[in-house]
Amino acid sequence: EEVLGARRAGVVAPAVAMATEPAAAEPAVPSLVDRYFTRWYKADVKGKPCEDHCILQHSNRICVITLAESHPVLQSGKTIKSISYQISTNCSRLQNKVSGKFKRGAQFLTELAPLCKIYCSDGEEYTISSCVRGRLMEVNENILHKPSILQEKPSTEGYIAVVLPKFEESKSITEGLLTQKQYEEVVVKRINATTAPS
């Protein structure tokens with residue numbers, strides 16, 4: 001628990017900021033993310049094939065929204081041109097100002113609420129959704145200045161946002177999500193479907 005020291009008026013910065021991606025040479029040692037967070041997945045967000053999101057849920061119920069490994073943005077050959085937290089003309093996630101113990105001023109998000117848009121150099125654009133109901137604690141401004149960390153370290157420094165579900169909803173928010181095992185099965189089925197002879 002000490003890893004998650006409170007930062008900025010009690011807003012918890014995910015251990016994410018301090019963690020490093022697990023080294024491939026040492027699979028026996030669980031990464032900081034695997035030690036403190038449970039991975040949940042939302043496949044084909046808003047019905048868009050392969051646009052999968054990963055939700056890292058900490059035991060203190062904070063959720064870190066990241067891209068799942070299978071998301072098109074993380075596939076080889078993709079270059080991120082820019083990332084924007086400007087959701088509409090009147091709404092920017094960067095204007096989210098949280099203060100005090102009761103997290104006043106935090107924007108409330110539904111599961112389908114857009115968090116940001118990712119624009120790729122091939123002309124494709126992707127909207128990243130919250131996937132969980134709760135209050136927006138913070139967005140990761142670092143990815144605005146260095147979009148490549150979103151691809152290099154998606155589950156640590158390249159996270160999208162931090163969302164705090166309501167206490168009474170913290171158990172139910174994962175109901176519509178997949179466990180890591182279920183998600184891996186979805187990915188295998190997809191691969192089999194594309195490689196199967198027609």
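User: Is Arg61 buried, exposed or partly exposed, and what is its relative accessible area?

Analyst: This is a predicted model, in which local features need pLDDT of at least 70 and side-chain atom pairs count only at pLDDT 80 or more, while totals for chains, interfaces and linings use all residues. Residues are numbered from 1 along each chain as its sequence is written, and side-chain values use heavy atoms, with hydrogens and water left out. Buried means under 20% relative accessible area, exposed means over 50%, and partly exposed is in between, with a 1.4 Å probe and protein chains only. Arg61 therefore counts as partly exposed, its relative accessible area being 22%.

User: Where is Arg61 found, and what is its phi?

Analyst: Strands are DSSP runs of E with at least two residues, helices are runs of H or I with at least four, and both are numbered from the N terminus. Arg61 is found in the loop between strand 4 and strand 5 (63-67). Most residues other than glycine have a negative phi. Arg61, although not a glycine, has a positive phi of about 75°.

User: What is the phi of Lys46, and in which loop does Lys46 lie?

Analyst: Lys46 is not a glycine, yet its phi is positive, at about 55°. With a relative accessibility of 46%, Lys46 counts as partly exposed. Its place in the chain is the loop between strand 3 and strand 4 (53-58).

User: Which residues form the aromatic pair, and how are they arranged?

Analyst: Rings of Phe, Tyr and Trp (its six-membered ring) pair if their centres lie within 6.5 Å, and planes under 30 degrees apart count as stacked, over 60 as edge-to-face and the rest as tilted. A search of the whole structure finds 1 aromatic pair. Tyr41 and Tyr183 form this pair, with 3.8 Å centre to centre and 5° between the planes, and the arrangement is stacked.

User: Which elements hold Tyr41 and Tyr183, and how many residues apart are they?

Analyst: Tyr41 and Tyr183 are both buried. Their pair links distant parts of the chain, with Tyr41 in strand 3 (residues 37-42) and Tyr183 in helix 4 (residues 180-195), 142 residues apart.
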